[in-house]
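Reader: Hello! Could you take me through one part of this model closely, with the cut-offs behind each term?

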Amino acid sequence: MTPPPAAQVHHIGVETFDLANSLSWYEDYFDCRRTWIAEELSELTRGRLPHVTRIAEVAVGDLRFHLLERGDRGGPRQAGGPSEFQHVCLSAQTVADLGRWRDRWLELHRSGRYAFARSDPPTEIVTDAEGVRSFYCFDVNGLEFEFTHVPESAR
C-alpha cells in the first residue's frame, strides 16, 4: 500500500478562558487577522470539547490558530486524558528575526494590555552545538512557543 502524501499543518488549537484577551494578543504578537468566530458549535465539537463555548480563528500567512474559549474556569482540562502538546515551534527566517520576536513579546508584556496565565519572561536566545538558535516564551494562556533559526549548515 502506498502511504499518503505528507500531511501539512492546518491549524494549532489553543484553549483559553478569555477569548477577547487571546484574540487581541495573537493579533498584536503574530500580526494575525481574524478569519471567523463560531458561537454555535457542531454536535461533534460539543461532544469532543464539552466545556468549549466559542471558537475563533486567527491567521497569518499559512499559519492558523483556533482559539477555543472554555466556559468552566478552574475546571479540569482533561483529567486523566491523553498527553497534550508540550510546545509549538515556529521557524524564524533569520537570527535577527529571533531577536525581533523576543523583543515583541517583551514590548507587549510591558504594555500591561494583556492578562498572562504565566508571566515568565522569554528565555535568552541560546545556540546549540549545530548552530541552531532558539528561545522559548508563553502566550497569554500559558502555551509554550519555541522560536528557532536553523542555519543552512545544520540542515
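Author: Happy to! Strand β3 (residues 52-60) runs antiparallel to strand β4 (residues 63-70), and eight bridges join the pair. Strands here are DSSP runs of E with at least two residues, helices are runs of H or I with at least four, and both are numbered from the N terminus. Two strands count as paired if DSSP finds at least two bridges between them. One of the bridges brings A59 together with R64 in β4.

A word on the source: this is a predicted model, in which local features need pLDDT of at least 70, side-chain atom pairs count only at pLDDT 80 or more, and totals for chains, interfaces and linings use all residues. Residues are numbered from 1 along each chain as its sequence is written, and side-chain values use heavy atoms, with hydrogens and water left out.

Now for the sheet itself. β3 and β4 belong to an open sheet of four strands, ordered β1-β4-β3-β2, with mixed pairing. At its edges lie β1 (12-16) and β2 (33-38), each of which pairs on one side only. From one strand to the next, the twist averages 25 degrees.

Helix α1 (residues 19-30) packs on this sheet and touches β1, β2, β3 and β4, where a contact means heavy atoms within 4.5 Å. The helix direction makes about 160 degrees with that of β4; axes are lines fitted to C-alpha atoms, for helices over the stretch in contact, and angles run from 0 to 180 degrees between N-to-C directions.
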